[in-house]
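Please open the model in your viewer and keep the selection tool handy. We will go from the whole chain to single residues, one stop at a time.

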Amino acid sequence: MFQSFSETSSPEQGPPRLAALRAEMSAAGVDGFIVPRADAHQGEYVAERDSRLAWLTGFTGSAGFCVALQDKAGVFIDGRYRVQVRAQVADVFTPVPWPEVSLGDWLSENVAAGGVVGFDPWLHTVTQIRELEASSGSVTLRRVENLVDRIWEDQPSPPATLAFAQPVELTGETHEAKIARLSAGLGSATTAVLTLPDSICWLLNIRGDDLPRTPFMLGFALLHAEGSVTLYVNPEKLVNLGDHLGPKVRVAPVEEFLPALTGLEGPVQIDPGSCPVIVANTLAEARIKMIEAQDPCALPKACKSSAELDGTRAAHLRDGAAMARFLCWLDHQPPGSLTEIDVVSRLESERAATNALRDISFDTICGAGPNGAIVHYRVTEKTNRQVEPGLLLVDSGGQYVDGTTDVTRTFAIGTVGADEKRAFTLVLKGMIAISRLRWPKGLAGRDMDALARVALWEHGLDYGHGTGHGVGSYLSVHEGPQRLARTGTVPFMPGMILSNEPGFYREGAFGIRIENLIVVEEAPTLPDQTVPEMYRFETLTYVPIDTRLIDTVLLTEAERSWLNAYHAEVLERIGHLVEGDVSTWLTHACAPI
């Protein structure tokens, strides 16, 4: 099993650890200290060594931060974690709804005038600290040594796994060609600083196992305008690469990264949204001019090559067949005979049976009944529920060498009430609205997010997360810069993969989410079209949607036609990959409504 069901949260350790941190704050001469869920690379996943937020507070969500003061400690969490945080932290910590309550306003209100709040400059970006300094009034922010590290006596060592090459047959472009293409686009910058591990892995066509669920090798890199890269990483991580990197990539120990910055000739390009403060400060102290611009790998990485798209299509068909085998099994189990752990274990075993699974793409979210309302719920031996009649939400994915998958389905277990069916159908209408969309070139996620919510809004309902995120090609299941959300400002371009996952959650009762992955493509020109260029989505995910949960009266004819066409395509694309009882089940599950 890739997934563990052990309880990683330790709320009872929160009070003594917070007390120890406060003692260190006093010794350091600061009134507060910020503990983010972040490492120096600003990725979604962090190594055990960098899980400071979870170690201190018990909160294990994928986003958030704590601010410890001498008289209070706030744990800031977004809408996905409002339920989870209350179950995971001791009462010495106060959950704070974020971003509704900004950190700057909270500090201004809770820190005395002239107070000092410390932060680790490796763990905060230039943008984060710049915005916080502008919004926190008279509070002073001070760079300090990480105070959590001082009290974490058994802190794990940094990861030291071996990197491996990603074949050019799957990337569609050699890393030498990528380096040449991106370095030529640096403009007046002589060097670009790369700190995001997915950017470095994508650029150099390598992968690694330094982090769970994401095939990353951690390190830093400098992209030079003359067409070369300096990679800062512990050299022993590269022993299996042979001559893959070649003469255009120079390797240096990671300890040389900061000193090397002081010897650069400017201007040097940094991405303020991902660059650690210490990098910008080091350049500034060396009087090196900086240019602020987006990570040069971000957009090229997001717009997948034809080889990457072919690979992800193959991965989704393989994954869809595994899901069909799993769903057939699930449908044949009597209500009340399974636990959430049983479901997760069986699903992972079906993916593993493909003999192509490298890892799961995130810990499977399997929520029965009220646990389904916890948006990023992770089942443990402590929380494990019986799967009783009602709704079961399963959000899961696989990491395959040719692609990354992410699919959510909500299933009927036994008898389901009319209220649940109505909510399910409203969510489905939103998912179909995005799937059917055509739009003019230049629009971004913020222009489309509302379309997934209209049916819910008409009934006074909504959900507290974005409608979709970008997805990598055997990289992170959550990838920028594109987002299908109110905060998504990057125009969609052909080759960008996104999720399409509206939902609805009734705390204490049930959760609903339906998710397919989609990819942006050029739309065929219509006879009377006056817009010069339009795009649409190609669906990548082929897994049946539970029609037992649909209130067909609420569907329009166009929505019904889309669903029937989708199920016909599911049957066509994965029907030949299953047999026996699974084939029979799939034919029934894909029957038109």
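This is a predicted model: local features need pLDDT of at least 70, side-chain atom pairs count only at pLDDT 80 or more; totals for chains, interfaces and linings use all residues.

**Stop 1: the whole chain**

Begin with everything shown as a cartoon. Along the principal axes, the C-alpha atoms fill a box of roughly 65 × 55 × 50 Å. How does the radius of gyration of the chain agree with that of a compact globule? For 593 residues, a compact globule would have a value near 25 Å, and the chain, at 24 Å, agrees with that.

The accessible surface of the chain comes to about 22,800 Å², and carbon and sulfur atoms hold 52% of that. Of the 593 residues, 57% count as buried. If you look at contacts with a sequence separation of 6 or more, 70% of them are between residues 24 or more positions apart.

**Stop 2**

Select Asp198 next, and show its side chain. Asp198 sits in helix H9. Is Asp198 buried or exposed? With a relative accessible area of 12%, Asp198 is buried, because the cut-off for that is under 20%.

Leaving aside residues up to four places away in sequence, Asp198 touches Phe216, Lys301, Leu475 and Glu479. Pick Glu479 from that group: it is 281 residues from Asp198 in sequence, yet the two C-alpha atoms are 8.6 Å apart in space.

Side chains of opposite charge can pair when their charged atoms come close. Asp198 and Lys301 form a salt bridge, with 3.4 Å between the closest N and O atoms. Asp198 lies in helix H9 and Lys301 in helix H12 (residues 298–302), so the pair ties together parts that are 103 residues apart in sequence. Lys301 is buried too, with a relative accessibility of 3%.

**Stop 2: Ser199, one step along**

Move to Ser199, which is also in helix H9 (residues 197–204). Ser199 counts as buried, at 1% relative accessibility. Which residues does Ser199 touch, not counting those up to four places away in sequence? They are Asp295, Cys297 and Lys301. Draw a distance between the side chains of Ser199 and Asp295, and you will find a polar contact of 2.8 Å.

**Stop 3: more salt bridges**

The structure holds 37 salt bridges, and two others are worth a visit. Select Arg453 and Asp462: their closest N and O atoms are 2.8 Å apart, in a salt bridge. Arg453 is buried, with 3% relative accessibility, whereas Asp462 is partly exposed at 30%.

Then go to Arg80 and Asp78, whose side chains meet in a salt bridge of 2.7 Å, N to O. Asp78 counts as buried, at 13% relative accessibility.

**Stop 4**

Val454 belongs to helix H16 (residues 454–457) and is partly exposed, with a relative accessible area of 36%.

**Stop 5: backbone details**

For the last stop, hide the surface and look at the backbone. Where are the cis peptide bonds to visit? One joins Trp98 and Pro99, with omega about 15 degrees. Pro99 lies in the loop between strand S4 (94–97) and helix H4 (103–110). Another runs from Gly480 to Pro481, with omega near 5 degrees. Pro481 is found in strand S23 (residues 479–484).

Next, select Gln42, which has a positive phi of about 60 degrees although it is not a glycine. Gln42 is in the loop between strand S1 (32–36) and helix H2 (52–57).

Finish with Asn355, a residue other than glycine with a positive phi, near 60 degrees. Asn355 is placed in the loop between helix H14 (340–352) and strand S15 (357–360). Asn355 is exposed, with a relative accessible area of 75%.

Notes:
Residues are numbered from 1 along each chain as its sequence is written. Side-chain values use heavy atoms; hydrogens and water are left out. Helices (H or I, at least four residues) and strands (E, at least two) are DSSP runs, numbered from the N terminus. Buried means under 20% relative accessible area, exposed over 50%, partly exposed in between (1.4 Å probe, protein chains only). A polar contact is a pair of N or O atoms within 3.5 Å; within protein, one must be able to donate a hydrogen and the other to accept it, and residues adjacent in sequence count only if both atoms are side-chain atoms. Contact means heavy atoms within 4.5 Å. The radius of gyration is taken over C-alpha atoms; the globule rule is 2.2 Å times the number of residues to the power 0.38. Accessible areas come from the Shrake-Rupley method with a 1.4 Å probe; for residues, only the protein chains shown count as cover. A salt bridge is a side-chain nitrogen of Lys or Arg within 4 Å of a carboxyl oxygen of Asp or Glu.
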